[in-house]
Amino acid sequence: GTGDQVVPAFVLDPIVLNSSYNSPRRTAFLLDGLRALDTELRARGSRLIVRGGDPEHVLADLRAEAGAGSIFAQRDVSPYALKRDRRVQRDLPLVLTDGLTVHPPGKVVRRDGGAYTVFTPYSRAWRAQPLPGPRDLLPAPARILTPSLASIPIPDAPVEHASFPAGEQEALRRLEAFSA
């Protein structure tokens, strides 16, 4: 495309959703987060396009429908995601970006380069790292142009988890409370 439109999309990967690692509460948090994101996008004249299925095929179809030049996604460091993303990158122009974290995955490691398996030593090492400087983040645009594409409804959450609501606004509220 010309770069003047964005297709905010999420692929509901059945392997992830049906994984024993993915508890009903985790699934509920994910789906509630997608609903919160969709609400934020709608306030900007856009919406979240949700599709289900194998990510490689879904992204190929979505890219063709939208005439997109590139696909941008946040890096996921779980073993399944690393393998999936390498597979997708073989055939599609998938550009992975780091999420907004204080220390990116892989930065806080043991002296031998291995991952921590106990929280307290990890916490000490995390706190010993220098904090990053200010980031040049662009503010969210007031309007987002999104082509009209088919989307499935966000499924209902399998359980309630009101004790830990999802979404950016809740995350910012919790960060403010933690930082106070």
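Contacts between residues 24 or more positions apart make up 72% of the chain's contacts with a separation of 6 or more. The model is predicted. The chain has 180 residues, and 24% of them are buried. Its C-alpha trace spans about 50 × 40 × 35 Å along the principal axes.

**Chain layout**

- Six helices and four strands form the secondary structure of the chain.
- Along the sequence, the pattern reads β-α-α-β-α-β-α-β-α-α.

**Val50 in strand E2**

- Strand E2 covers residues 49-52 and includes Val50.
- Val50 has a relative accessibility of 1%, so it counts as buried, the cut-off being under 20%.
- Leaving aside residues up to four places away in sequence, Val50 touches Phe10, Leu12, Ser151, Ile152 and Ile154.
- Between Val50 and Gly67 there are 17 Å from C-alpha to C-alpha, with a sequence separation of 17 residues.

**Helix H3 and its two sides**

- Helix H3 runs over residues 55-66, 12 residues in total.
- From first C-alpha to last, H3 reaches 16 Å, close to the 16 Å expected at 1.5 Å a residue.
- Pro55, Glu56, Val58, Leu59 and Leu62 are the buried residues named in H3.
- These residues lie on the same side of H3, because they cover an arc of only 165° around the axis.
- His57 and Ala64 are exposed on the other side of H3.
- The packing partners of the buried H3 residues are strand E1 (9-12), E2, strand E3 (71-74) and helix H4 (79-91).
- E2, one of these partners, is the strand that holds Val50.

**Second largest pocket**

- The second largest pocket holds about 330 Å³ of space.
- Its lining consists of Val102, Phe119, Tyr122, Ser123, Trp126, Arg127, Leu175, Phe178 and Ser179.
- Two elements, helix H5 (119-128) and helix H6 (168-179), each give two or more residues to this lining.
- H5 gives the most, with five residues.
- By class, the lining of the second largest pocket has six nonpolar residues, two polar and one charged.

Conventions: Residues are numbered from 1 along each chain as its sequence is written. This is a predicted model: local features need pLDDT of at least 70, side-chain atom pairs count only at pLDDT 80 or more; totals for chains, interfaces and linings use all residues. Side-chain values use heavy atoms; hydrogens and water are left out. Buried means under 20% relative accessible area, exposed over 50%, partly exposed in between (1.4 Å probe, protein chains only). Contact means heavy atoms within 4.5 Å. The expected span of a helix is 1.5 Å times one less than its number of residues. The arc is that of the directions from the helix axis to the C-beta atoms. On a 1 Å grid over the protein atoms alone, a cavity is a set of points where a 1.4 Å probe fits but cannot get out, and a pocket is an open set with protein on both sides within 12 Å along at least five of seven lines; lining residues have an atom within 4 Å of a point. Grid points are joined across faces, edges and corners, and a volume is the space filled by probe spheres set on the points. Ala, Val, Leu, Ile, Met, Phe, Trp, Tyr, Cys and Pro count as nonpolar, Asp, Glu, Lys and Arg as charged, and the others, Gly among them, as polar.
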